[in-house]
Amino acid sequence: MNQLNSQISGQDLTTGSWFFNNFKSCQDNIAIIDATTGEHYSYDALDQLVTARVAQLGTGPCLVFIETQNTIHTIVNYLACLRGGLVFHLLDTVNSTKAQALIELYQPNIIIGANNAIIENSSYQHQLHPSLALLMATSGSTGSPKFVKLSHSNLESNAVAIAQYLKLTQDDKAYLHLKLHYSYGISILNSHFAVGATTVLTQHGILDGQFWTDLHQYQATSLAGVPYTFETLLHSNFAIENYPHLRYFTQAGGKLEAKLVKQTLALIGDKAEFYIMYGQTEAAPRMSYLPAEQIHQHPDSIGVPVPGGELMVVNEHGQALPNFEPGELKYTGPNVMMGYAMSPEALISDETPEALLTGDIAYQNAQGLFFIVGRTKRFVKLFGLRLNLDDVQ
């Protein structure tokens, strides 16, 4: 394949402090533990595997589809595409009808299956923007032709911001059970790479006994979950005392009702911190977090913007609204996507919006915390009155 000049914003993807490349300073640290096989991979060993995979894949312009599992193979392929400047999409499976439709439409040059085999799929001459890295399905649109276009800088800035507000260090161990084709899952991996920390991979779900055995055995310091995860915890025999190594929990992927937040806080007590987080795939994906010290007083808040980002509540004309007045939540920051793609032809352009309109209705209180009260599509105007259908329901 033709060589692609992989200079992004003046930085070479093969050098510098990109989270996917800065392994030399922490080469002796453990980067990945595969709980299924028990294998440990240092940053040095991972670097060697990625370097070898880059040589096998070559450099772009090339579009790659990767079938993901929580395995070392998926992670090596992911990092190799980032480092090699290849544009790629992460799939749950290549065998579904939806995945086959995407493959037919986008004509990826290479498909990498779960068995790690490299399949030459198409000779289509893709025109790809040099900053473009990752194509992800939007929330609720898995399998549709609509992709969020994320750049290397989008991923980098969000990884660094997450690491900052979670106070991550090289001593942290994330327990990664969320799927890697899901923006929440991949952000956990990225943020831990950013600081030279460890990620423990599991293919077990929260209802499996082995899930908890591995969590304890590998001394994970954090556990991430969606609302279902915490609803399950609250109806199980979970005891925080059995996992003294857990430093914090994070929750994203949908709203966790304030009542359940309070119940979770009661469950973990003062043994660990709990961070509520808010985001969208379009922001790579994190836009806000609720500082752990404020969660008891404001369990229904999405918190404050991530470092480097800004949130604002605006009216239909884009004008900022005063505190406590609801309007659409707008986000700006270096992690905002390059726009959407509905076809291969859209992969050459950069349509980064000036700001990301989230579609959520929110307000800001006097302390600077944000609260979501509905969706724009759930508001109607009748006789000049603006009504929230969620409130009516």
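This is a predicted model: local features need pLDDT of at least 70, side-chain atom pairs count only at pLDDT 80 or more; totals for chains, interfaces and linings use all residues.
1. Phe230. This residue belongs to helix 7, which spans residues 227-234. With a relative accessibility of 1%, below the 20% limit, Phe230 counts as buried. Beyond residues up to four places away in sequence, Phe230 touches Gly225, Phe249, Thr250, Gln251, Leu256, Thr264 and Phe274. Leu260 is 30 residues from Phe230 along the chain, and the two C-alpha atoms are separated by 7.9 Å.

2. Aromatic residues. Phe230 is also a member of one aromatic cluster, together with Tyr175, Phe211, Trp212, Phe238, Tyr243, Phe249 and Phe274. Across the whole structure, a search finds 20 aromatic pairs. For Phe19 and Phe20, the ring centres are 5.2 Å apart and the planes stand at 85 degrees; since angles over 60 degrees count as edge-to-face, the pair is so classed. Phe19 and Phe20 are both buried.

3. Charges over rings. Two placements of this kind may be noted. The charged end of Arg83 sits over the ring of Phe23, at 5.6 Å from the ring centre. Lys146 lies over the face of Tyr340, 4.2 Å from the centre of that ring.

4. Helix 4 and helix 5. The axes of helix 4 (residues 152-165) and helix 5 (residues 183-193) come within 8 Å of each other and cross at roughly 75 degrees. The two helices are therefore roughly perpendicular. On the helix 4 side, Leu155, Ala159, Ile162 and Ala163 take part, meeting Ser187, Asn190 and Ser191 of helix 5. Classed by residue type, this contact has four nonpolar, three polar and no charged residues.

5. His192. This histidine is placed in helix 5. His192 is buried, its relative accessible area being 2%. Setting aside neighbours within four places in sequence, His192 is in contact with Tyr43, Leu168, Asp172, Ala174, Ala197, Thr198, Thr199, Ser222 and Tyr248.

6. The cis peptide bond. The bond from Ala284 to Pro285 is cis, with omega near -5 degrees. Ala284 lies in the loop between strand 15 and strand 16 (286-290), and Pro285 is found in the loop between those strands as well. Ala284 counts as buried at 7% relative accessibility. Apart from neighbours within four places in sequence, Ala284 is in contact with Leu150, Asn154, Asn158 and Asn335. Lys262 is 22 residues from Ala284 in sequence, with 28 Å between the C-alpha atoms.

7. Positive phi values. Which residues other than glycine have a positive phi? Asn116 is one, with phi near 75 degrees; Lys167 is another, with phi near 55 degrees. Asn116 lies in the loop between strand 7 (110-112) and strand 8 (118-120), whereas Lys167 is placed in the loop between helix 4 and strand 11 (173-176). At a relative accessible area of 19%, Asn116 is buried. Lys167, at 45% relative accessibility, counts as partly exposed.

How values were computed. Residues are numbered from 1 along each chain as its sequence is written. Side-chain values use heavy atoms; hydrogens and water are left out. Axes are lines fitted to C-alpha atoms, for helices over the stretch in contact, and angles run from 0 to 180 degrees between N-to-C directions. Helices (H or I, at least four residues) and strands (E, at least two) are DSSP runs, numbered from the N terminus. Angles under 35 degrees count as roughly parallel, over 145 as roughly antiparallel, 65 to 115 as roughly perpendicular and the rest as oblique. Contact means heavy atoms within 4.5 Å. Ala, Val, Leu, Ile, Met, Phe, Trp, Tyr, Cys and Pro count as nonpolar, Asp, Glu, Lys and Arg as charged, and the others, Gly among them, as polar. Rings of Phe, Tyr and Trp (its six-membered ring) pair if their centres lie within 6.5 Å; planes under 30 degrees apart count as stacked, over 60 as edge-to-face and the rest as tilted. Buried means under 20% relative accessible area, exposed over 50%, partly exposed in between (1.4 Å probe, protein chains only). A charge sits over a ring if NZ of Lys or CZ of Arg is within 6 Å of the ring centre and within 35 degrees of the ring normal.
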